[in-house]
Amino acid sequence: MKDLRAEFPILATLSRGKPLVYLDSAATAQKPQVVIDAISDFYSHGNANIHRGVYQLSERATLAWDAAREQVARFIGAPDVNEVVFVRGTTEAMNLVAHSFLPRAARPASRAPVVLVTEMEHHANIVPWQLAGATTIAIPVTDAGELDLDAAERMLAEGPSLLAVVHVSNTLGTINPIAQLCRMAHAHGVPVVVDGAQAAPHIPVNIAELGCDFYAFSSHKTFGPTGIGALWAKREHLEAMTPYQGGGDMIDLVTFERTTFAEVPRRFEAGTPHIAGAVGFGVALKWIMALDRPAVEAHEMQLMRTASEQLSAVPGLRLVGTAAQKAAVVAFTLDGAHPHDVASMLDGEGVCVRAGHHCTQPLHKRLGLSASVRASFAPFNNHGDVEALVKGMHKVRKVFA
Amino acid sequence: MSATDDMYQSVIIDHDRSPRNFRHIDAPSHHAEGHNPLCGDNVQVELLVDVDGKIRDIAFQGSGCAISRASASMMTATLKGKTTAEAQELFDGFHALLTGKQVDTLPLGKLVVFKGVGEFPMRVKCATLAWHAMREALGR
């Protein structure tokens with residue numbers, strides 16, 4: 001596979017005086033030069049508000065915004081570009097669905113909605129439902145970190161309002177069988193919302209093959225800027241949903257008596273959006289699509305397997321999440337050492353990993369852990385990065401064992 | 001020596017492994033809890049203070065990272081026998097040490113080993129967690 005390191009200028013910087021070993025792409029991905037340039041170029045040569053001015057610059061900004069939406073649609077195989085709503089990120093997408101779709105999905109409408117989630121959900125796929133007045137119940141996770149599909153079937157049969165499930169777990173790396181879950185849910189008339197934040201950077205996503213009702217992901221995890229993301233939804237759902245944010249750009253006619261809304265998806269995009277962000281997002285997705293994706297996937301898998309193998313050889317180290325289908329994420333604990341101390345010591349070696357609960361407190365509780373350490377891989381990582389991680393862990397063990 | 005080696009000095013590791021006064025006090029006159037949502041650290045500090053304001057006993061319980069445990073342990077070892085007014089002065093000195101302010105290190109004694117934590121702003125809260133709980137307990 002082509003070495004992509006040179007495309008990421010940040011990899012040339014030092015961290016605590018050591019070469020940067022970035023193993024926290026699951027928190028946020030680094031940005032390739034093309035993305036950085038696209039954002040800079042937009043502000044240097046293309047900046048204007050969209051859908052407002054009649055002058056050429058505004059027209060160009062509007063076209064760039066529309067082109068970004070088309071790029072998102074291509075990235076997930078959506079046939080209708082108007083099924084793509086720009087949001088701030090996966091979190092905002094979940095909040096949008098919770099406020100605008102959930103009240104319509106509740107059955108029976110008189111009772112508080114029930115959202116079926118899983119024990120491995122990120123807080124962003126738990127809290128929005130609770131804030132919208134729903135009760136969340138969770139499909140159990142096995143010790144290896146896989147969903148208990150028999151339990152899922154039983155729980156779906158009870159008729160929840162919605163199934164909200166993560167495609168790839170940010171903590172365990174587990175790739176969930178979304179297509180199968182969608183078939184199971186739909187057999188019981190349950191719509192499915194998929195949190196694709198961790199899947200989008202690692203595995204090709206095709207919403208038609210998945211068969212879901214909603215799919216959300218964030219730009220910043222797919223090598224684009226922060227503050228922008230996308231919610232894809234079936235058009236019939238979007239047409240039926242009431243906007244939950246009002247303002248400019250989302251309206252058709254406004255009077256003091258009554259307001260009518262713009263067509264979908266614009267009615268869900270109130271206010272001046274993150275235009276430069278969308279431009280960068282589009283370029284980032286184009287960059288991913290231009291990669292030799294099977295080769296990248298194989299490369300990431302190899303790094304993950306090597307890391308898992310070599311880390312397992314560190315005495316007292318235990319891997320967290322050993323699902324058969326996994327993306328390039330390795331979480332672990334070390335006996336006698338708190339994850340934050342592990343991460344701080346690795347930081348001293350220039351190695352950036354995540355420590356804590358990774359916004360999955362219920363999952364950690366289920367696994368009997370208060371926290372864990374997580375290394376996550378991107379296409380630019382190499383075996384040197386794995387070596388630095390493993391060497392760092394041997395040093396940590398010497399201090400704490 | 002790297003900056004983290006400086007943070008994890010052997011005395012800190014020692015207090016993490018064998019924390020002093022890691023127990024309950026039967027009838028504490030003061031107590032408070034501290035919680036750090038970033039790491040999930042939590043600490044309960046209990047004190048037995050005389051009528052003349054002397055700390056006759058101080059102990060802690062809880063779970064957390066090495067920095068927070070060692071800091072809680074060394075705090076209890078330092079404060080036993082001190083007055084509550086002295087405890088407040090040590091709190092101020094310790095806080096100043098960790099936030100990079102000019103401070104007279106002499107009264108802090110062994111606590112100066114935590115100076116290295118000041119290089120890691122994300123970890124300062126771990127080191128001051130028990131101290132904040134102690135101060136809160138005395139404020140009650």
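Colleague: Which element supplies the largest share of the lining of the largest pocket?

Modeller: This is a predicted model, where local features need pLDDT of at least 70 and side-chain atom pairs count only at 80 or more, while totals for chains, interfaces and linings use all residues. Residues are numbered from 1 along each chain as its sequence is written, chains are lettered from A and ligands numbered from 1 in the order written, and side-chain values use heavy atoms, without hydrogens and water. In chain A, α12 (339–348), β15 (351–352) and β16 (354–356) each supply at least two lining residues (DSSP runs numbered from the N terminus: helices H or I, at least four residues; strands E, at least two). The largest share, four residues, comes from α12(A).

Colleague: What is the volume of the largest pocket?

Modeller: The lining of this pocket has 19 residues, with A:His340, A:Ala343, A:Val353, A:Ala355 and B:Met122 nearest its centre. A pocket is an open set of points on a 1 Å grid over the protein atoms alone, where a 1.4 Å probe fits, with protein on both sides within 12 Å along at least five of seven lines; lining residues have an atom within 4 Å of a point. With points joined across faces, edges and corners, and probe spheres set on them, the volume is about 450 Å³.

Colleague: Between which parts of chain A does the second largest pocket lie?

Modeller: This pocket is lined by 23 residues, A:Thr91, A:His122, A:Ser218, A:His220 and A:Lys221 being nearest its centre. Helix α3 (residues 90–100) of chain A gives the most, three residues. Because both domains (bounds from an automatic or database assignment) give residues to the lining, the pocket lies between domain 1 (5–30 + 293–400) and domain 2 (35–290).

Colleague: Which residues of chain A lose the most area to chain B?

Modeller: The contact (heavy atoms within 4.5 Å) takes 16 residues from chain A and 19 from chain B. The chains bury about 1,300 Å² between them, 50% of it on carbon and sulfur atoms (accessible area, 1.4 Å probe, lost on being put together, summed over both). On the chain A side, 33% of what is buried comes together from the residues that lose the most: A:His340, A:Asp341 and A:Ser344.

Colleague: Which side chains meet in a salt bridge?

Modeller: The rule (a side-chain nitrogen of Lys or Arg within 4 Å of a carboxyl oxygen of Asp or Glu) finds one across the interface of chain A and chain B. At 2.9 Å, N to O, the pair is B:Arg123 and A:Asp341.

Methods: Buried area = accessible area lost by both parts, 1.4 Å probe.
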